[in-house]
Amino acid sequence: MAIRPIVKYPEQVLLRPTRLVAEITPEIRALVEDMWETMYDAPGVGLAANQIGVGLRIAVIDTTSSQDPGMRKIVLINPEVLETRGRLNEEEGCLSLPGFTETVLRPSWAKVRASDLEGKTFFAEGEGLLARALIHETDHLDGRVFIDRLSSLKRDLIRRKIRKRQRAGDWPAAASG
Ligand code: NI
């Protein structure tokens, strides 16, 4: 197991849809172990594989520190959001955009279908933090970050702050490709 560096926005791997996992290999299991270790070290409640530079459709979520009922620790292989309900404004951040938090309007309930590490299909559904994490992470795997869910005004403000920090050498410049 290893803690891997977390890729920062706007690195290309965060902006592209990830590839489906065709088979659960030992390499995939090792990757998931690294994702857990990296997420807990950060610390965060969720991590998508492309946040450590791997363009595969895998995410891990652990919302069990929350007081909300029904919180879970789950590995999601090839997750798809099947259904959402409601709307809720909550503060949100992302390990790939450290230091930035914004209120994001998201569904208040979500249901996702995914495979587990045995290759078996399962469903994860929930509200509150779990719903938010399920959608935030599947967004990552679709090449979207939370600032894509903000108004263009707020998003541009954050992008300008990042460019300013890049010029100051205080934020990694995105590699091309
Ligand atoms: Ni994130």
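## A nickel site, a helix and an open sheet

Strands β1 and β2 (residues 58-62) run antiparallel to each other and are joined by three bridges; strands count as a pair when DSSP finds at least two bridges between them. L47 has V60 as its bridge partner in β2. Helices (H or I, at least four residues) and strands (E, at least two) are DSSP runs, numbered from the N terminus.

A word on the source: this is a predicted model, in which local features need pLDDT of at least 70 and side-chain atom pairs count only at pLDDT 80 or more, while totals for chains, interfaces and linings use all residues. Residues are numbered from 1 along each chain as its sequence is written, and side-chain values use heavy atoms, with hydrogens and water left out.

Five strands form an open sheet in the order β1-β2-β3-β6-β7, with antiparallel pairing. At its edges stand β1 (46-48) and β7 (121-127), each with a single partner strand, so one side of each has no neighbour in the sheet. From one strand to the next, the twist averages 40°.

Angles run from 0 to 180 degrees between N-to-C directions, using axes fitted to C-alpha atoms (for helices, over the stretch in contact), and contact means heavy atoms within 4.5 Å.

| Helix | Strands it lies across | Angle |
|---|---|---|
| α2 (residues 26-41) | β1, β2 and β3 (73-85) | about 40° to β2 |
| α3 | β1, β2, β3, β6 (109-115) and β7 | about 125° to β7 |

Y40 lies in helix α2. Leaving aside neighbours within four places in sequence, Y40 is in contact with D62 and K73. Y40 counts as partly exposed, at 39% relative accessibility; buried means under 20% relative accessible area, exposed over 50% and partly exposed in between (1.4 Å probe, protein chains only).

Now to the metal. The nickel ion is coordinated by C94 (SG), H136 (NE2) and H140 (NE2), at 2.1 to 2.3 Å. C94 lies in the loop between β4 (88-92) and β5 (102-106), and H140 in helix α3 (residues 128-141), so the pair ties together parts that are 46 residues apart in sequence. Both C94 and H140 are buried. Donors are N, O and S atoms within 2.8 Å of the metal (3.2 Å for Na, K and Ca), and sites may look incomplete as water is not among the atoms.

What about α3 itself? Of its 14 residues, 12 are buried, so α3 is largely enclosed by the rest of the structure. Among those buried residues are H136, E137 and H140.
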